[in-house]
Amino acid sequence: MRPIFKDTNQQAFFEEKGYVAVDLLDDARLAAIKEALDGMRPNDGFTPKGRSSDYHCTFLDTNLEYKEAVYELIHKYFQPLLDKYVHDFTILNGNFYVKPAGSGTFEIHQNWHHNPRPQDTTLTIWCPLLDVTRENGTLEVVPGSHKIVPDVATVNVPYYFKNFEQALLDKYLEPIPLKAGQGLIFDDSLIHYSSQNETREPRTAIQIETHPVDMQPVYYHLDREDPGPDFEVFAVTRDFFLNGNIHNMTQRPEGLTSLGFQPNENALLSEEEFLEKMAAGPATRAELYAKA
């Protein structure tokens, strides 16, 4: 078995719940990041208009200089913190998420699937720059929902829980309140969500995608116009996220190395089937982590 977390208690909690809450930024680092962010100028001005999302996400912005500056800032501060908690993971990309006052609902989702094998694990770090609760849109998760299905989450495909999203909202999602500079490290297959910011101040958080240093991260593409039975799999680097934005991500990637095709075995589940998968989750994860 290959452990992910250096602390055995955190490893056990992660295997059961799919996330670990940790202390990340001290006051000095928090202030330095806020100051750097204040000097950045994304094309949407942190208040996007005229598109489907009403929150700012670095990845969706079209200012390449801004996106490069965000990556360098995040890598500088968070790679050492990642090394503190986990074994041999590296940062792939990073984003600021800014929810303006009175907006910013983020759909129930899993993060995109970047691992080439089911037993591989990729991690996200989520770190708010202010105290967060459900009122201003903290992260909410379904504990234990990681690695229970082999579905590939990516653009142009529905999540396997599409048919019972309201039930997830009503019964299963749990908000995780955090102080500024605290954070979650979680499995990208964990179901999560964040509600609208109901306060008068913007809610700003950092989201960071990571992967094992010895794993080639990939992107799964399915043609929206002609889905077919297979995903085309591409090798990706951080440049994929720097150059990608809301205008081009639904198209077949250009300039990437195709690694071939993988059968699309995604399937929509019912709530009852989901609960069966959740009940079997510990055994499923034990087998996957052992194979890793």
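A: Start with burial. A residue is called buried when its relative accessible area is under 20%, exposed when it is over 50%, and partly exposed in between. Keep in mind that this is a predicted model.

Q: How many residues of β3 are buried?
A: In β3, 10 of the 11 residues are buried, so the strand is largely enclosed by the rest of the structure.

Q: Which strands form the open sheet, and in what order?
A: The general idea is this: strands count as paired if at least two bridges are found between them. Here 6 strands form an open sheet. Read the order as β1-β8-β5-β10-β3-β2, with antiparallel pairing.

Q: Which strands are the edge strands?
A: Look for strands that pair on one side only. These are β1 (19–23) and β2 (56–57).

Q: What packs on the sheet?
A: Helix α1, residues 8–17, packs on it. The helix touches β1, β5 and β8 (182–187). The direction of α1 makes about 140° with that of β1.

Q: Where do the side chains of a strand point?
A: In a regular strand they alternate between the two faces of the sheet.

Q: Next, the rings. How many aromatic pairs are there?
A: Two rings pair if their centres lie within 6.5 Å. By that rule there are 17 aromatic pairs. Take W112 and Y219 as one case. Their ring centres are 5.9 Å apart, the planes make 50°, and the pair is tilted.

Q: Why does the pair of W112 and Y219 tie together parts that are apart in sequence?
A: Check where each residue lies. W112 is in the loop between β4 (106–109) and β5 (123–128), while Y219 is in strand β11 (residues 218–221), so the pair ties together parts 107 residues apart in sequence.

Q: Are W112 and Y219 buried or partly exposed?
A: W112 is partly exposed, at 21% relative accessible area. Y219 is buried, at 1%.

Q: What does a stacked pair look like here?
A: Find Y159 and F161. Their centres are 5.3 Å apart, with 0° between the planes. Both residues are buried. They also belong to a cluster: ring pairs link Y159, Y160, F161, F164, Y172 and F274.

Q: What sits over the ring of Y71?
A: A ring can also have a charge over it. Here the charged end of R238 sits over the ring of Y71, 4.3 Å from its centre.

Q: How should I read salt bridges?
A: Side chains of opposite charge can pair when their charged atoms come close. This model has 8 salt bridges. R117 and D120 form one, with the closest N and O atoms 2.8 Å apart. R117 is partly exposed at 39%, whereas D120 is buried at 11%.

Q: Which parts of the chain does the salt bridge of D131 and K179 link?
A: First the distance: the closest N and O atoms are 3.8 Å apart. D131 is in the loop between β5 and β6 (139–141), and K179 is in the loop between β7 (174–175) and β8. These distant parts of the chain are 48 residues apart. D131 is partly exposed, at 42%.

Q: Why does the salt bridge of E271 and K171 tie together parts of the chain?
A: Begin with the contact itself. The closest N and O atoms of E271 and K171 are 2.6 Å apart. E271 lies in helix α6 (residues 271–279) and K171 in helix α4 (residues 165–172), so the pair ties together parts 100 residues apart in sequence. E271 is buried at 17%, and K171 is exposed at 53%.

Q: Where is T257, and what does T257 touch?
A: T257 is in the loop between α5 (238–243) and β13 (258–263). Its relative accessible area is 53%, so T257 counts as exposed. Leaving out residues up to four places away in sequence, T257 touches V233, F234 and A235.

How values were computed. Residues are numbered from 1 along each chain as its sequence is written. This is a predicted model: local features need pLDDT of at least 70, side-chain atom pairs count only at pLDDT 80 or more; totals for chains, interfaces and linings use all residues. Side-chain values use heavy atoms; hydrogens and water are left out. Rings of Phe, Tyr and Trp (its six-membered ring) pair if their centres lie within 6.5 Å; planes under 30 degrees apart count as stacked, over 60 as edge-to-face and the rest as tilted. Helices (H or I, at least four residues) and strands (E, at least two) are DSSP runs, numbered from the N terminus. Buried means under 20% relative accessible area, exposed over 50%, partly exposed in between (1.4 Å probe, protein chains only). A charge sits over a ring if NZ of Lys or CZ of Arg is within 6 Å of the ring centre and within 35 degrees of the ring normal. Contact means heavy atoms within 4.5 Å. Axes are lines fitted to C-alpha atoms, for helices over the stretch in contact, and angles run from 0 to 180 degrees between N-to-C directions. A salt bridge is a side-chain nitrogen of Lys or Arg within 4 Å of a carboxyl oxygen of Asp or Glu.
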